[in-house]
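These are my notebook entries on one protein chain. I set down what I looked up, in the order in which I looked it up.

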Amino acid sequence: MPVNRGMAARLLRQSNNHLATGRSAAQSDPEGAEALVYDAARKALVAVLVCQGLRPTSRGGHLAVYEAARAQLDPPMGGVLRPFERLRRRRNRQEYPHDDEPSMQSADALEDADAAGAIVAIAERLVEEMPPFE
């Protein structure tokens with residue numbers, strides 16, 4: 001797949017919109033907010049990959065996106081990327097809840113919005129710096 005900086009920019013715009021909407025919805029709809037902030041982080045990582053000419057597929061799911069980004073960026077950015085896995089698991093628990101699972105709280109969604117925001121901020125910097133994958 002060729003490098004696609006236009007798609008990376010589009011995904012980063014969506015990420016920032018998802019973050020803003022997620023933060024504003026955290027009090028009234030924490031589960032919905034969590035889904036949005038998780039998608040913000042996921043799309044930001046996809047933006048990094050498409051600016052390198054890499055195309056995520058459905059094989060491996062969202063975890064494959066995280067693993068591809070982490071393989072290239074950890075270290076030095078592992079500390080910022082690591083919360084992605086927690087976001088992914090929390091989002092999955094909200095999508096497929098169990099009776100014994102506690103309800104999502106607005107503080108959880110806001111905490112995850114901060115973690116997702118850090119991932120988006122790094123992705124915005126990286127799409128300008130990352131060379132095509134060889």
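Entry 1: Contacts of one leucine. I take contact to mean heavy atoms within 4.5 Å. The model I am reading is a predicted one. I looked up leucine 45, leaving aside its neighbours within four places in sequence, and I found it in contact with Val65, Tyr66, Ala69, Leu81, Phe84 and Ile119.

Entry 2: The nonpolar cores. I then asked which residues have the most contacts inside the largest nonpolar core. They are Leu45, Leu73, Phe84, Leu126 and Val127, in a core of 34 residues. I noted that at least two residues of this core come from each of α1 (5–25), α2 (30–50), α3 (61–73), α5 (83–95) and α6 (106–129). Helix α2 supplies the largest share, 11 residues. Apart from this core I found another one, of five residues, with Ala26, Ala33, Met104 and Ala109 among them.

Entry 3: The chain as a whole. I counted six helices and zero strands, and I read the pattern along the sequence as α-α-α-α-α-α. The radius of gyration is 15 Å, close to the 14 Å that the globule rule gives for 134 residues, so the chain is as compact as a globular protein of that length. I recorded a span of about 45 × 25 × 25 Å for the C-alpha trace along its principal axes. Of the 134 residues, 44% count as buried. I also looked up the contacts with a separation of 6 or more, and 74% of them are between residues 24 or more positions apart.

Entry 4: Salt bridges. How many salt bridges does the count come to? I noted 10 salt bridges. I looked up several of them in turn.

The side chains of aspartate 39 and arginine 42 meet in a salt bridge, at 3.2 Å from N to O. The two residues are separated by about one helical turn, because they are three residues apart in helix α2. Both aspartate 39 and arginine 42 are buried.

Aspartate 74 forms a salt bridge with arginine 82, and their closest N and O atoms are 3.4 Å apart. I recorded aspartate 74 as partly exposed, because its relative accessibility is 26%. Arginine 82 also counts as partly exposed, at 48% relative accessibility.

Arginine 86 forms a salt bridge with aspartate 112, with the closest N and O atoms 2.2 Å apart. Arginine 86 lies in helix α5 and aspartate 112 in helix α6, so this pair ties together parts that are 26 residues apart in sequence.

Entry 5: Arginine 88. Why does arginine 88 count as buried? Its relative accessibility is 18%, and buried means under 20%. Leaving aside its neighbours within four places in sequence, I found arginine 88 in contact with Tyr38, His62 and Leu63. I noted as well that a network of salt bridges links Glu85, Arg88 and Arg89.

Notes: Residues are numbered from 1 along each chain as its sequence is written. This is a predicted model: local features need pLDDT of at least 70, side-chain atom pairs count only at pLDDT 80 or more; totals for chains, interfaces and linings use all residues. Side-chain values use heavy atoms; hydrogens and water are left out. A nonpolar core is a set of buried Ala, Val, Leu, Ile, Met, Phe, Trp, Tyr and Cys residues joined through side-chain atoms within 4.5 Å. Buried means under 20% relative accessible area, exposed over 50%, partly exposed in between (1.4 Å probe, protein chains only). Helices (H or I, at least four residues) and strands (E, at least two) are DSSP runs, numbered from the N terminus. A salt bridge is a side-chain nitrogen of Lys or Arg within 4 Å of a carboxyl oxygen of Asp or Glu. The radius of gyration is taken over C-alpha atoms; the globule rule is 2.2 Å times the number of residues to the power 0.38.
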